[in-house]
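Here's a quick tour of one model, written for someone who likes to see the cut-offs. Have the viewer open and follow along.

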Amino acid sequence: MKTRALVFTALFAALTAVGAFLQVPIGPVPISLQFLFTAMAGILLGRRWGALSQLVYVLLGLVGLPIFTAGGGFGYVFKPSFGFLLGLIPCAWIIGFLCRKRSGAPWIAFSCVVGLAVLYLIGVPYMALILNVYLDKGLDAMAILKMGMLPFLPGDALKIAVATLVCPILQKRLCNFDEFRV
(Lines give C-alpha, C1' and ligand atoms only; values in the text may rest on other atoms or scores of the structure.)
Protein backbone atom coordinates (compact mmCIF):
# COMPACT_ATOMS: atom_id res chain seq x y z
CA MET A 1 0.00 0.00 0.00
CA LYS A 2 2.80 2.43 0.81
CA THR A 3 4.23 2.11 -2.71
CA ARG A 4 0.83 2.85 -4.26
CA ALA A 5 0.37 5.82 -1.95
CA LEU A 6 3.79 7.21 -2.93
CA VAL A 7 3.02 6.73 -6.62
CA PHE A 8 -0.30 8.56 -6.32
CA THR A 9 1.35 11.27 -4.22
CA ALA A 10 3.91 11.83 -6.97
CA LEU A 11 1.16 11.73 -9.59
CA PHE A 12 -0.81 14.49 -7.88
CA ALA A 13 2.33 16.58 -7.38
CA ALA A 14 2.91 16.24 -11.14
CA LEU A 15 -0.72 17.04 -11.96
CA THR A 16 -0.54 20.17 -9.82
CA ALA A 17 2.59 21.20 -11.75
CA VAL A 18 0.75 20.64 -15.04
CA GLY A 19 -2.17 22.62 -13.63
CA ALA A 20 0.17 25.58 -13.12
CA PHE A 21 0.76 25.78 -16.86
CA LEU A 22 -2.92 25.59 -17.77
CA GLN A 23 -3.56 29.22 -16.90
CA VAL A 24 -5.21 32.49 -17.76
CA PRO A 25 -3.06 35.48 -16.72
CA ILE A 26 -5.28 38.18 -15.17
CA GLY A 27 -2.90 39.93 -12.75
CA PRO A 28 -0.29 39.04 -10.16
CA VAL A 29 -2.02 35.69 -9.59
CA PRO A 30 -3.13 33.90 -12.79
CA ILE A 31 -6.10 31.56 -12.97
CA SER A 32 -4.77 28.00 -13.06
CA LEU A 33 -5.93 24.44 -12.42
CA GLN A 34 -3.71 23.94 -9.36
CA PHE A 35 -6.63 24.13 -6.93
CA LEU A 36 -8.55 21.49 -8.92
CA PHE A 37 -5.70 18.98 -8.59
CA THR A 38 -5.12 19.93 -4.96
CA ALA A 39 -8.79 19.31 -4.17
CA MET A 40 -8.69 16.01 -6.03
CA ALA A 41 -5.57 14.99 -4.10
CA GLY A 42 -7.31 15.72 -0.81
CA ILE A 43 -10.49 13.90 -1.83
CA LEU A 44 -8.82 10.84 -3.30
CA LEU A 45 -5.64 10.48 -1.24
CA GLY A 46 -6.81 11.81 2.09
CA ARG A 47 -5.28 14.37 4.37
CA ARG A 48 -1.81 12.89 4.79
CA TRP A 49 -0.98 11.82 1.24
CA GLY A 50 -2.92 14.68 -0.35
CA ALA A 51 -1.03 17.28 1.68
CA LEU A 52 2.24 15.46 1.03
CA SER A 53 1.62 15.65 -2.72
CA GLN A 54 1.29 19.42 -2.47
CA LEU A 55 4.33 19.71 -0.19
CA VAL A 56 6.37 17.79 -2.77
CA TYR A 57 5.10 20.12 -5.49
CA VAL A 58 6.03 23.26 -3.53
CA LEU A 59 9.45 21.93 -2.49
CA LEU A 60 10.31 20.89 -6.06
CA GLY A 61 9.46 24.38 -7.25
CA LEU A 62 11.47 26.01 -4.47
CA VAL A 63 14.59 24.00 -5.28
CA GLY A 64 14.49 25.40 -8.79
CA LEU A 65 12.31 23.25 -11.03
CA PRO A 66 10.28 25.68 -13.16
CA ILE A 67 6.91 24.19 -12.18
CA PHE A 68 5.19 27.26 -10.75
CA THR A 69 3.12 29.52 -13.01
CA ALA A 70 6.09 31.88 -13.48
CA GLY A 71 9.07 29.55 -13.01
CA GLY A 72 10.62 28.29 -9.79
CA GLY A 73 13.43 28.78 -7.33
CA PHE A 74 13.68 30.09 -3.78
CA GLY A 75 13.23 33.69 -4.97
CA TYR A 76 9.60 32.76 -5.65
CA VAL A 77 8.86 33.38 -1.96
CA PHE A 78 8.98 37.11 -2.81
CA LYS A 79 6.24 36.83 -5.44
CA PRO A 80 2.71 37.88 -4.44
CA SER A 81 1.31 34.50 -5.50
CA PHE A 82 3.60 32.37 -3.31
CA GLY A 83 1.16 32.39 -0.39
CA PHE A 84 -1.34 30.57 -2.57
CA LEU A 85 1.27 27.89 -3.25
CA LEU A 86 1.88 27.50 0.48
CA GLY A 87 -1.87 27.37 1.00
CA LEU A 88 -2.19 24.32 -1.27
CA ILE A 89 -0.67 22.14 1.45
CA PRO A 90 -3.21 22.81 4.25
CA CYS A 91 -5.96 23.08 1.63
CA ALA A 92 -5.37 19.45 0.59
CA TRP A 93 -5.07 18.41 4.24
CA ILE A 94 -8.39 20.02 5.22
CA ILE A 95 -10.23 18.55 2.22
CA GLY A 96 -8.78 15.11 2.94
CA PHE A 97 -9.65 15.40 6.61
CA LEU A 98 -13.25 16.34 5.89
CA CYS A 99 -13.70 13.64 3.22
CA ARG A 100 -12.21 10.80 5.28
CA LYS A 101 -15.52 9.51 6.65
CA ARG A 102 -18.14 10.98 4.31
CA SER A 103 -18.14 11.03 0.53
CA GLY A 104 -21.44 12.21 -0.94
CA ALA A 105 -21.37 14.98 -3.54
CA PRO A 106 -22.71 17.70 -1.20
CA TRP A 107 -20.10 16.80 1.43
CA ILE A 108 -17.29 16.75 -1.14
CA ALA A 109 -18.37 20.18 -2.41
CA PHE A 110 -18.56 21.52 1.15
CA SER A 111 -15.10 20.12 1.91
CA CYS A 112 -13.69 21.80 -1.19
CA VAL A 113 -15.25 25.13 -0.20
CA VAL A 114 -13.67 24.87 3.25
CA GLY A 115 -10.32 23.96 1.67
CA LEU A 116 -10.62 26.89 -0.71
CA ALA A 117 -11.34 29.21 2.22
CA VAL A 118 -8.11 28.01 3.87
CA LEU A 119 -6.25 28.62 0.60
CA TYR A 120 -7.52 32.21 0.48
CA LEU A 121 -6.90 32.75 4.21
CA ILE A 122 -3.23 32.02 3.57
CA GLY A 123 -2.81 33.39 0.04
CA VAL A 124 -4.52 36.77 0.31
CA PRO A 125 -2.70 38.01 3.46
CA TYR A 126 0.62 36.78 2.04
CA MET A 127 -0.15 38.66 -1.17
CA ALA A 128 -0.93 41.79 0.84
CA LEU A 129 2.31 41.40 2.78
CA ILE A 130 4.44 41.10 -0.35
CA LEU A 131 2.64 43.87 -2.26
CA ASN A 132 2.43 46.35 0.62
CA VAL A 133 5.54 45.64 2.69
CA TYR A 134 8.10 44.15 0.31
CA LEU A 135 7.01 46.01 -2.87
CA ASP A 136 5.60 49.06 -1.04
CA LYS A 137 2.45 49.32 -3.20
CA GLY A 138 0.20 50.72 -0.46
CA LEU A 139 -2.93 48.83 -1.54
CA ASP A 140 -6.01 48.73 0.68
CA ALA A 141 -7.83 45.53 1.62
CA MET A 142 -10.46 45.89 -1.11
CA ALA A 143 -7.82 46.32 -3.81
CA ILE A 144 -6.06 43.18 -2.57
CA LEU A 145 -9.35 41.22 -2.62
CA LYS A 146 -10.12 42.47 -6.14
CA MET A 147 -6.68 41.39 -7.26
CA GLY A 148 -6.22 38.12 -5.38
CA MET A 149 -9.63 36.60 -4.71
CA LEU A 150 -12.80 37.99 -6.27
CA PRO A 151 -11.94 37.35 -9.95
CA PHE A 152 -11.11 33.73 -9.12
CA LEU A 153 -14.30 32.73 -7.32
CA PRO A 154 -16.38 31.80 -10.42
CA GLY A 155 -13.59 29.59 -11.75
CA ASP A 156 -13.08 28.08 -8.31
CA ALA A 157 -16.77 27.19 -8.16
CA LEU A 158 -16.39 25.42 -11.49
CA LYS A 159 -13.30 23.55 -10.24
CA ILE A 160 -15.22 22.45 -7.15
CA ALA A 161 -18.06 21.19 -9.35
CA VAL A 162 -15.61 19.24 -11.53
CA ALA A 163 -13.86 17.69 -8.51
CA THR A 164 -17.22 16.81 -6.96
CA LEU A 165 -18.35 15.05 -10.13
CA VAL A 166 -15.09 13.42 -11.21
CA CYS A 167 -13.64 12.10 -7.94
CA PRO A 168 -16.44 9.64 -7.10
CA ILE A 169 -16.18 8.24 -10.64
CA LEU A 170 -12.40 7.87 -10.32
CA GLN A 171 -12.84 6.13 -6.98
CA LYS A 172 -15.23 3.58 -8.45
CA ARG A 173 -13.66 2.96 -11.84
CA LEU A 174 -9.92 3.36 -11.49
CA CYS A 175 -8.83 2.48 -8.01
CA ASN A 176 -10.03 2.01 -4.49
CA PHE A 177 -8.60 5.12 -2.86
CA ASP A 178 -10.25 4.35 0.49
CA GLU A 179 -7.06 2.77 1.81
CA PHE A 180 -5.30 6.17 1.62
CA ARG A 181 -7.97 8.16 3.42
CA VAL A 182 -7.17 7.34 7.03
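Helices are DSSP runs of H or I with at least four residues, numbered from the N terminus.

Who touches whom? On the helix 2 side you'll find Phe35, Leu36, Ala39, Met40, Ile43 and Leu44, and they meet a set in helix 6 that includes Ile160, Val162, Ala163, Val166 and Leu170. Contact means heavy atoms within 4.5 Å. By class, this contact has 12 nonpolar, 1 polar and 2 charged residues (Ala, Val, Leu, Ile, Met, Phe, Trp, Tyr, Cys and Pro count as nonpolar, Asp, Glu, Lys and Arg as charged, and the others, Gly among them, as polar).

## Ground rules

This is a predicted model, so local features need pLDDT of at least 70 and side-chain atom pairs count only at pLDDT 80 or more, while totals for chains, interfaces and linings use all residues. Residues are numbered from 1 along each chain as its sequence is written, and side-chain values use heavy atoms, with hydrogens and water left out.

## Rings

The structure holds 7 aromatic pairs. A pair needs ring centres of Phe, Tyr or Trp (its six-membered ring) within 6.5 Å; planes under 30 degrees apart count as stacked, over 60 as edge-to-face and the rest as tilted. Phenylalanine 78 and tyrosine 134 are stacked because their ring centres are 5.0 Å apart and their planes sit at 25°. Phenylalanine 78 lies in the loop between helix 2 and helix 3 (82-98) and tyrosine 134 in helix 4 (residues 105-134), so the pair ties together parts that are 56 residues apart in sequence. Phenylalanine 78 is partly exposed, at 41% relative accessible area (buried is under 20%, exposed over 50%, partly exposed in between, with a 1.4 Å probe and protein chains only).

Tryptophan 93 and phenylalanine 97 are stacked too, because their centres are 5.2 Å apart and their planes are at 5°. Both lie in helix 3, 4 residues apart, about one turn of the helix. Tryptophan 93 counts as partly exposed at 37%, and phenylalanine 97 is partly exposed at 29%.

## Charges over rings

Tyr57, Phe68 and Tyr76 form one aromatic cluster. The charged end of lysine 79 sits over the ring of tyrosine 76, 5.6 Å from its centre. Arginine 102 lies over the face of tryptophan 107, at 4.0 Å from the ring centre. The test is NZ of Lys or CZ of Arg within 6 Å of the ring centre and within 35 degrees of the ring normal.

Which residue has a positive phi although it is not a glycine? That's aspartate 136, at about 50°. Aspartate 136 is in the loop between helix 4 and helix 5 (141-148), and it counts as exposed at 63% relative accessibility.

Glycine 138 lies in that loop as well and is exposed, at 64%. Leaving aside neighbours within four places in sequence, glycine 138 is in contact with Leu131 and Asn132.

Technical notes: Helices (H or I, at least four residues) and strands (E, at least two) are DSSP runs, numbered from the N terminus.
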